[in-house]
Amino acid sequence: MIILPDHFLLSVKCDSNGPLIAPELYVLGDSLVDSGNNNFLPTLAKANFLPYGVNFARGPTGRFTNGRTVVDFIAEFLGLPLTLPYLSLQGLEQAKQQGLNYASGSCGILHETGKYIGKCLSLAEQVNLLQLTIEFELPKFNLSTEKLSNYLSRSIFVVSIGSNDYINNFLQPIYNTRIRYSSRSFAQHLVTIFSIQLQRIYQLGARKFVVFEIGPIGCIPSITRNIKHVGQCVENINQLALQFNDQLSTMLKNLTSKLPDSEFILGRVYGLAYDAIKNPTTYGLQDTSNPCCITWANGTSACIPNLVPCQDTDKHYFWDGFHLTEAVYKVVGERCINDSSICTPKSIEQLVKV
């Protein structure tokens, strides 16, 4: 049995203008927002050991960073508990006080993405689990149809996915994706499938969405240390992300106009993340090229278990060969919460009041 939160009918955080009300936070995506689902899957993509979680109050949880992720900062702002991984909910009493997170490291929008690393939950599989929650578990609280609809329409659904469809698919020689698609047609293929899954979530009752762009993947150590290039980043790889992001923006605008009462917020994180890499001192950072932890394969992979990471974790941009530090997630989270030019056309603070 999946145990769902006692508090889901009303969670309130107050500011100077009155209460911010969001019954719950639902999270779908990849390792950038995974809170531990991969702990329960047979995969090499795991982060349930030190030094992951070295700066997190609970220690290693399966988050692919040293501390909190961007959705953790969003949850804290909304006055909600940090989301537990969906796959951990079998019989865990503490799940009564937590949100729900379906994200899975190494996976992506496409079903086949990342599967060579081991089992992970593609976006469609995550939406399937969300559907089980909404159609079979939430009704056990004896909610009327109207109350359930109201709860879902006021909840926030955060989705952060797509980078693995490039890192663990398009750029991998074991796939023939680059033979079958040009970079632009691949981006369109991803966005078309992404749109279908977002519409599925809408049909389940969601109305408020925050969907993040792909960041500058051409700047991550696993790319910069494996591909010859000039400058700090591999800019032709960054162009892949920009092509996807352009089409994602158009798709979200179309969905907002097409689906009644919907709010699809775009998290414009690419520009913010790229600027932080190029101008680190503006964001309190120093090193935006090297992973903070000691990793396998010369800084291009995951952290080696139990080795001591760098001392100034809050000064580093990258935690391992793929992922960001809590310091960067905090910048992204706070800007998305408060700045409608980063999360647009509404900030999360504005969205939750709608």
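The radius of gyration is taken here over C-alpha atoms, and the globule rule is 2.2 Å times the number of residues to the power 0.38. For 354 residues, a compact globule would have a radius of gyration near 20 Å, and the chain agrees with this at 19 Å. This is a predicted model, in which local features need pLDDT of at least 70 and side-chain atom pairs count only at pLDDT 80 or more, while totals for chains, interfaces and linings use all residues. Residues are numbered from 1 along each chain as its sequence is written, and side-chain values use heavy atoms, with hydrogens and water left out.

The C-alpha trace spans about 60 × 40 × 40 Å along its principal axes. The chain holds 11 helices and 11 strands, which are DSSP runs numbered from the N terminus (helices H or I, at least four residues; strands E, at least two). Of its 354 residues, 59% count as buried; buried means under 20% relative accessible area, exposed over 50%, and partly exposed in between (1.4 Å probe, protein chains only). Among contacts in the chain with a separation of 6 or more, 69% join residues 24 or more positions apart, a contact being heavy atoms within 4.5 Å.

Helix H9 (residues 269-278) gives a view of the interior. Its residues Val269, Tyr270, Leu272, Ala273, Ala276 and Ile277 are buried. The cover over the buried residues of H9 includes strands E7 (208-212), E8 (263-267), E9 and E10, together with helices H8 (235-258) and H10 (326-338).

Threonine 300 is buried, because its relative accessible area is 10%. Its side chain reaches the backbone oxygen of alanine 297 at 2.6 Å, which can be set against the limit for a polar contact (a pair of N or O atoms within 3.5 Å; within protein, one must be able to donate a hydrogen and the other to accept it, and residues adjacent in sequence count only if both atoms are side-chain atoms). Not counting residues up to four places away in sequence, threonine 300 touches Pro221, Ser222, Arg225, Asn226, Thr295, Gly321 and Phe322.

Valine 54 sits in another loop, between strand E3 (25-29) and helix H1 (70-78). At 37% relative accessibility, valine 54 is partly exposed. Leaving aside neighbours within four places in sequence, valine 54 is in contact with Asn66, Pro309 and Trp319. Valine 54 and proline 309 are 255 residues apart in sequence, with their C-alpha atoms 8.8 Å apart in space.
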